[in-house]
Amino acid sequence: MSSNCAVILAAGQGTRMKSSKPKVLAEVLFKPMIDWVTDAAVNAGVEDICLVTGFKHEMIDEHFGGRFKTVEQAELLGTGHAIMQAKDFIKEHIPGNVLVLNGDAPLIPAETLKAAFDFHMAGNNAATVISAKVADPFGYGRIIRSRDGKLKKIVEEKEATQTEKIVNEVNSGAYWFSSSVLLESLEGIIEKHDKKNDKAIEYHLTDAVEVILEKGLNAVAYDASSPDIVLGANDRVQLQLLNDIARRNILKKHMLNGVSIPCADGVIISPDAKIKADTEILPGTIIKGKSVIGANCDIGPNSIIEDSVIGDNVSLNSVQCYSAEIKNGAHMGPFVRVRPGSVIGEGVKVGNFVEFKNSVIGDHTSVAHLTYIGDSDVGSGVNFGCGCATANYDGKSKARTRVGNNAFIGCDTCLVAPVQVGDNAYTAAGSVITEDVPDNALAIARSKESVKKDWVKKKKPYRWQK
Ligand code: UD1
Ligand code: CA
């Protein structure tokens with residue numbers, strides 16, 4: 001399908017979202033709707049994509065960072081007008097076919113786009129409209145067929161007659177067009193609008209169907225059978241409905257792949273997450289972005305995993321993990337925060353109230369309680385006592401701490417970076433370590449205890465101590 005291209009309509013503001021962002025950046029399962037749509041196109045084999053942007057287009061440019069072409073639609077004069085802005089792009093793809101998608105309908109699967117393409121090619125169609133039958137067609141363009149079942153036209157809600165309004169087969173807003181035929185139909189779309197005597201200037205892409213049929217070419221509706229694929233969101237109530245449907249579909253996919261989700265309450269999994277079999281996901285667990293989770297893990301309850309890689313046999317209880325890696329057999333929690341750039345080694349044990357930032361922790365190291373490890377390289381087999389901290393920031397810059405293999409960091413040690421503790425070295429409890437500790441050494445950096453015998457007896461009692 002390499003000669004094919006896609007145009008994605010994404011210029012709308014989505015007034016009813018009451019957002020400062022363009023509507024297509026509204027998120028379903030923490031993924032902007034436009035990303036669902038571009039991913040569907042790419043996964044259907046269409047890499048050459050042009051986005052039609054308008055309202056706050058710079059936000060969409062920033063979001064994609066130049067990954068796709070964009071054209072600006074300065075005035076929003078309808079979906080037909082949006083396509084007109086992409087004329088030059090479409091011209092570059094003759095001969096070939098252009099996939100047109102609505103940027104605000106995220107649940108259209110790549111498989112449907114592929115199947116519709118095969119149908120489009122098999123029928124030698126000039127246009128293939130992807131449609132679906134829905135329970136409540138209100139607001140959608142209705143697919144009007146003639147008695148023999150052939151596609152006649154698409155009628156928008158505003159223009160539909162009473163009998164047309166009853167039709168429950170609707171336009172998904174996704175189409176395959178022959179590139180040249182689509183370009184040749186644009187004049188016709190303007191003429192159709194002018195004939196309607198509609199004061200509002202809104203050029204409907206849907207009118208291309210009639211224009212193409214009038215040319216004696218083939219325009220066909222491809223019934224995709226699943227009603228979900230057409231769903232779009234115009235306000236946040238509809239957005240929640242999309243989230244609900246997408247969430248259930250994704251949980252189901254994982255369960256059928258061998259992931260246990262005994263109670264789905266508060267479990268949200270991104271469409272791009274991968275989870276291996278025999279892992280159990282407990283309530284309140286949110287897995288975001290492109291996270292990968294291994295086999296036989298216990299994740300949750302109440303955990304957040306974002307863009308992270310988790311190995312096999314890992315247990316995370318009330319852990320928040322962002323852009324980090326946790327290797328096989330690590331046990332962490334409750335109440336642990338793993339911040340970006342951290343790599344937690346195999347079999348590491350982490351207890352309550354521990355935070356890691358931009359640190360590498362060696363295999364089988366143990367950090368059992370109340371500890372902060374930032375900008376550090378920690379070896380394997382290290383033991384951190386309770387209440388340790390790396391002082392990695394002097395108010396101006398960050399510095400690194402290195403802890404060698406099998407070191408023992410006593411309770412309440414403060415490691416003032418830059419500093420190194422050697423292999424097998426010890427720090428005494430309560431030490432503030434500012435100088436490097438060699439291998440096999442013990443560092444004590446605290447004032448010596450002095451005991452004053454019978455001091456209490458000699459001291460004058462306080463007034464309240466009779
Ligand atoms: C459109 C279809 C309708 C279909 C429905 C499916 C038309 C006329 N109607 O209606 O048949 O059932 O989608 O969801 O096409 N956009 C632009 N520029 C514009 C106008 C819209 O880029 O000038 C973009 C929007 O940002 C949106 C998409 O096109 O992503 C669809 O536009 P919208 O106004 O939501 O069309 P619908 O009324 O949903
Ligand atoms: Ca819409």
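**A walk through the predicted model**

Phe408, Tyr426, Leu442 and Ile444 come together as a nonpolar patch on the surface. Their accessible area is about 400 Å² together. This is a predicted model. Tyrosine 426 has a relative accessible area of 42%. That makes tyrosine 426 partly exposed, because the class lies between the 20% and 50% limits.

Turn next to the parallel sheet. Here 9 strands form an open sheet with parallel pairing. The order is E13-E16-E19-E22-E25-E27-E29-E32-E35. The edges are strand E13 (274-275) and strand E35 (419-421). Each of these has a single partner strand, so one side of each is left without a neighbour in the sheet. To find one of them, look for arginine 402, whose bridge partner in E35 is glutamine 420.

Proline 418 lies in the loop between strand E34 (414-416) and E35. The peptide bond from alanine 417 to proline 418 is cis, with omega near 0°. Another cis bond runs from glycine 333 to proline 334, again with omega near 0°. Proline 334 also belongs to a loop, the one between strand E23 (331-332) and strand E24 (336-338). Why do such bonds deserve a look? Most peptide bonds are trans, and most residues other than glycine have a negative phi.

Backbone phi values give two further places to check. Leucine 29 has a positive phi, near 55°. It lies in the loop between strand E2 (27-28) and strand E3 (31-32). Is leucine 29 buried or exposed? Its relative accessible area is 2%, so leucine 29 is buried. Asparagine 358 also has a positive phi, near 45°. Its loop joins strand E26 (349-357) and strand E27 (360-361). At a relative accessible area of 30%, asparagine 358 is partly exposed.

Now move to strand E10, residues 169-178. Of its 10 residues, 10 are buried, so E10 is largely enclosed by the rest of the structure. Which strands pair with it? Strand E6 (residues 97-102) runs antiparallel to E10 and is joined to it by 4 bridges. Valine 100 has tyrosine 175 in E10 as its bridge partner. Strand E7 (residues 127-133) also pairs with E10 in the antiparallel sense, over 7 bridges. There, threonine 128 stands opposite tryptophan 176 in E10.

A hairpin comes next. Strands E8 (residues 142-145) and E9 (residues 151-155) run antiparallel, joined by 4 bridges. Between E8 and E9 are 5 residues. Glycine 149 is in the turn, with a positive phi of about 90°. Isoleucine 144 has lysine 153 in E9 as its bridge partner.

Lysine 153 has a second contact. Its side chain meets that of glutamate 164 in a salt bridge, 3.6 Å from N to O. Lysine 153 lies in strand E9 and glutamate 164 in helix H6 (residues 162-166), so the pair ties together parts that are 11 residues apart in sequence. Lysine 153 is partly exposed at 22% relative accessibility, whereas glutamate 164 is buried at 13%.

Salt bridges that share partners also join Lys31, Asp39 and Asp272 into one network. Within it, the side chains of aspartate 39 and lysine 31 meet at 2.5 Å, N to O. Lysine 31 counts as buried, at 9% relative accessibility. A further salt bridge links aspartate 48 to lysine 69, with the closest N and O atoms 2.9 Å apart. Aspartate 48 is in strand E4 (residues 48-53) and lysine 69 in strand E5 (residues 69-72), so this pair ties together parts that are 21 residues apart in sequence. Aspartate 48 is partly exposed at 23%, and lysine 69 is partly exposed at 40%. The count of salt bridges comes to 19.

End with helix H5, residues 110-122. At 1.5 Å a residue, its 13 residues should span 18 Å, and the end C-alpha atoms are 18 Å apart, which agrees. Buried in H5 are Ala110, Thr112, Leu113, Ala116, Phe117 and His120. They cover an arc of only 155° around the axis, which puts them on the same side of H5. The face turned away from that buried side carries the exposed residues Glu111, Asp118 and Ala122.

Conventions. Residues are numbered from 1 along each chain as its sequence is written. Chains are lettered from A and ligands numbered from 1 in the order in which they are written. This is a predicted model: local features need pLDDT of at least 70, side-chain atom pairs count only at pLDDT 80 or more; totals for chains, interfaces and linings use all residues. Side-chain values use heavy atoms; hydrogens and water are left out. Two strands pair if DSSP finds at least two bridges between them. Helices (H or I, at least four residues) and strands (E, at least two) are DSSP runs, numbered from the N terminus. Patches are made of residues with over 30% relative accessible area and no salt bridge: like charges are joined within 9 Å, nonpolar side chains (Val, Leu, Ile, Met, Phe, Trp, Tyr) within 5 Å. Accessible areas come from the Shrake-Rupley method with a 1.4 Å probe; for residues, only the protein chains shown count as cover. A salt bridge is a side-chain nitrogen of Lys or Arg within 4 Å of a carboxyl oxygen of Asp or Glu. Buried means under 20% relative accessible area, exposed over 50%, partly exposed in between (1.4 Å probe, protein chains only). The expected span of a helix is 1.5 Å times one less than its number of residues. The arc is that of the directions from the helix axis to the C-beta atoms.
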